[in-house]
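I opened the notebook to look up how this protein is put together. The entries follow the order in which I checked things.

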Amino acid sequence: MNEVQVRIAELEDKGWTLASIADELEAHRNTVGMWKAGTRYPRPEKPVLHALDHLLSKKRIPKKKRYGKGSRF
């Protein structure tokens, strides 16, 4: 498992869904799913790891907020 996969697993253990992680990262849910599966990796990786660490520090999981926006990652 790489670092991104570990962070995603930790978030899921805390109750986050792939959709909620994707919402917060402004990425598509399928993109986060591929990171989790290890079929794709974010490039560059550091900003994504930093964003995932920030999500791990949050006390509450935000409500779903799907818009038709472009993605950040």
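I began with burial: 36% of the 73 residues of the protein count as buried (under 20% relative accessible area, with exposed over 50% and partly exposed in between; 1.4 Å probe, protein chains only). The model is predicted, so I noted that local features need pLDDT of at least 70 and side-chain atom pairs pLDDT 80 or more, while totals for chains, interfaces and linings use all residues. Residues are numbered from 1 along each chain as its sequence is written, and side-chain values use heavy atoms, without hydrogens and water.

Next I listed the secondary structure, which is four helices and zero strands (DSSP runs, H or I of at least four residues for helices, E of at least two for strands, numbered from the N terminus).

I then looked up the largest nonpolar core, which has 17 residues (buried Ala, Val, Leu, Ile, Met, Phe, Trp, Tyr and Cys joined through side-chain atoms within 4.5 Å). Helices α1, α2, α3 and α4 each supply at least two of its residues, and α4 gives the most, six. Leaving aside neighbours within four places in sequence, I found Leu52 in contact (heavy atoms within 4.5 Å) with residues including Ile8, Ile21 and Leu25.

Last, I checked salt bridges and found five (a side-chain nitrogen of Lys or Arg within 4 Å of a carboxyl oxygen of Asp or Glu). Lys58 and Glu24 form one, with closest N and O atoms 3.0 Å apart. Lys58 lies in the segment after α4 and Glu24 in helix α2, so this pair ties together parts 34 residues apart in sequence. Glu24 is buried at 17% relative accessibility, and Lys58 is partly exposed at 28%.
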